[in-house]
Amino acid sequence: MLLWLMSVLPQPLADQTCLATTVYLEARSQSTVGQMAVAEVAMRRRERGQWGGTVCDVVKSPHQFALSTTTPNQEIDNLVAFQKAWDIAGKSMTNWQLPVDERRFFVPHADHFATVAVAPAWSRNQRAITIGDHKFYSIN
């Protein structure tokens with residue numbers, strides 16, 4: 001249902017929905033800082049344009065975020081956690097509207113992340129910032 005909703009909502013509401021859903025799927029059990037860091041990676045990718053021109057394009061890119069790897073039947077069953085993810089998505093989008101030197105960064109330059117339980121090939125020999133259950137990397 002959410003994937004359909006994201007496709008019909010106007011901007012910037014669609015992007016906030018995509019970002020909130022990504023934060024929820026990737027980091028709902030993490031701290032606020034961990035959730036902001038996940039949102040920051042998506043926003044940085046959108047700004048760079050390598051993965052798409054909108055947040056929705058970025059988070060739906062194949063095998064990049066949970067939105068592209070989770071079953072379409074995935075339910076948002078924790079409404080408190082989704083409300084927090086929604087708020088974080090909104091704050092992150094507002095932050096990225098500011099000039100670069102006025103933005104607040106949690107994981108400067110990071111454009112990738114993975115859970116601490118895995119070590120993707122692209123993460124080898126890369127320095128990382130660990131926040132909760134995620135490691136954040138600057139790959140590109």
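## Close-up views of a predicted model

**View 1. The buried residues of helix α3.** In α3, the buried residues are Gly34, Gln35, Met36, Ala37, Val38, Ala39, Glu40, Val41, Ala42, Met43, Arg44 and Arg45. Keep in mind, here and in every view below, that this is a predicted model. How many of the 17 residues of α3 are buried? Twelve of them are, so α3 is largely enclosed by the rest of the structure. The partners that these buried residues pack against are α2, α4, α6, β1 (112-115), β2 (128-131) and β3 (134-137). From the first C-alpha of α3 to the last is a reach of 24 Å, close to the 24 Å expected for 17 residues at 1.5 Å a residue. Just after α3 comes glycine 49, whose phi is positive, at about 75°.

**View 2. Helix α2 from end to end.** With 15 residues at 1.5 Å a residue, α2 should span 21 Å, and this agrees with its end C-alpha atoms, which are 21 Å apart.

**View 3. Where α2 crosses α3.** The crossing in which α2 passes α3 is right-handed. Which residues make the contact? On the α2 side, look for Leu19, Val23, Glu26 and Ala27; on the α3 side, look for Gln35, Val38, Ala39, Ala42 and Met43.

**View 4. Where α2 crosses α6.** From α2, the contact uses Leu13, Asp15, Gln16, Thr17, Leu19, Ala20, Thr21, Val23 and Tyr24. From α6, the residues taking part are Ala81, Phe82, Ala85, Trp86, Ile88, Ala89, Gly90, Ser92 and Met93. How do the residues of this contact of α2 with α6 divide? There are twelve nonpolar, five polar and one charged.

**View 5. Serine 61 and histidine 63 in one loop.** Both serine 61 and histidine 63 sit in the loop between α4 (55-59) and α5 (66-69). Is serine 61 buried or exposed? Serine 61 has a relative accessible area of 10%, so it counts as buried. Histidine 63, by contrast, is exposed, with a relative accessible area of 67%. Leaving out residues up to four places away in sequence, serine 61 touches Trp51 and Ser68, while histidine 63 touches Ser68 and Thr69. For a sense of scale, the C-alpha atoms of serine 61 and serine 138 are 18 Å apart in space, and these residues are 77 apart in sequence.

**View 6. Two positive phi angles in loops.** Most residues other than glycine have a negative phi. Histidine 109, in the loop between α6 and β1, has a positive phi near 75°. Asparagine 125, in the loop between β1 and β2, also has a positive phi, near 65°. Because histidine 109 has 54% relative accessibility, it counts as exposed. Asparagine 125 is exposed too, at 84% relative accessibility.

**View 7. Isoleucine 129 in strand β2.** To finish, find isoleucine 129 in strand β2. This residue is partly exposed, with a relative accessible area of 36%. Which residues does isoleucine 129 touch, not counting residues up to four places away in sequence? They are Val107, Pro108, His134, Lys135 and Phe136. Serine 68 is 61 residues from isoleucine 129 along the chain, and their C-alpha atoms are separated by 24 Å.

Terms used: Residues are numbered from 1 along each chain as its sequence is written. This is a predicted model: local features need pLDDT of at least 70, side-chain atom pairs count only at pLDDT 80 or more; totals for chains, interfaces and linings use all residues. Side-chain values use heavy atoms; hydrogens and water are left out. A crossing is left-handed if the near helix is turned anticlockwise from the far one by less than a right angle, and right-handed if clockwise. Helices (H or I, at least four residues) and strands (E, at least two) are DSSP runs, numbered from the N terminus. Contact means heavy atoms within 4.5 Å. The expected span of a helix is 1.5 Å times one less than its number of residues. Ala, Val, Leu, Ile, Met, Phe, Trp, Tyr, Cys and Pro count as nonpolar, Asp, Glu, Lys and Arg as charged, and the others, Gly among them, as polar. Buried means under 20% relative accessible area, exposed over 50%, partly exposed in between (1.4 Å probe, protein chains only).
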